[in-house]
Amino acid sequence: MSASSTRARALALHVLTLAEATAADADHGWRDPEGLTALSPEKRAALLANPFARDGDAPAMVVGTLDGLVIGKLDVLPGAIDLGGETIRASGTPR
């Protein structure tokens, strides 16, 4: 068995705030050759204009990395749903 096959691999989840996720010049220290975490100018503008995103410290993106390489992401978008005359808020922050 080679040394590389027995080496522990570093799997990590990184939670980015709205401020961190939309920062134009952010360097989070991971490799992202596929551009999975890149935001188009339109998406960045939409995230910043979201009326439910009141707090720049609220979670906005969860990024998965393996040995420092981005392997996936999940956007967290706060919003609301009108259901039977009741508005139910969906936010990235716990109550």
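Trainee: How many bridges join β4 to β5, and do the strands run parallel or antiparallel?

Mentor: Look at the strand directions and count the bridges. In this predicted model, β4 (residues 79-83) and β5 (residues 86-90) are antiparallel, with 5 bridges joining them.

Trainee: What do β4 and β5 form, and which turn residue has a positive phi?

Mentor: They form a hairpin, with 2 residues between the strands. The turn residue to check is G84, whose phi is positive at about 60 degrees.

Trainee: On to charges. How many salt bridges does a search of the whole structure find?

Mentor: The search turns up 4. Start with R7 and D67, whose side chains meet at 3.5 Å, N to O. R7 sits in the loop between α1 (3-6) and β1 (11-17), while D67 is in the loop between β2 (59-66) and β3 (69-75), so this pair links distant parts of the chain, 60 residues apart.

Trainee: Which other residue forms a salt bridge with D67?

Mentor: R9 does, with the closest N and O atoms 3.0 Å apart. R9 also lies in the loop between α1 and β1, so its pairing with D67 ties together parts 58 residues apart in sequence. Together, R7, R9 and D67 make up a network of salt bridges.

Trainee: Are R9 and D67 exposed or partly exposed?

Mentor: R9 has 56% relative accessibility, so it counts as exposed. D67, at 21%, is partly exposed.

Trainee: Where do D75 and K43 lie?

Mentor: D75 is in strand β3 and K43 in helix α3 (residues 41-49). Their side chains meet in a salt bridge at 2.3 Å, N to O. D75 is partly exposed at 24%, and K43 is partly exposed at 30%.

Note on methods:
Residues are numbered from 1 along each chain as its sequence is written. This is a predicted model: local features need pLDDT of at least 70, side-chain atom pairs count only at pLDDT 80 or more; totals for chains, interfaces and linings use all residues. Side-chain values use heavy atoms; hydrogens and water are left out. Two strands pair if DSSP finds at least two bridges between them. Helices (H or I, at least four residues) and strands (E, at least two) are DSSP runs, numbered from the N terminus. Buried means under 20% relative accessible area, exposed over 50%, partly exposed in between (1.4 Å probe, protein chains only).
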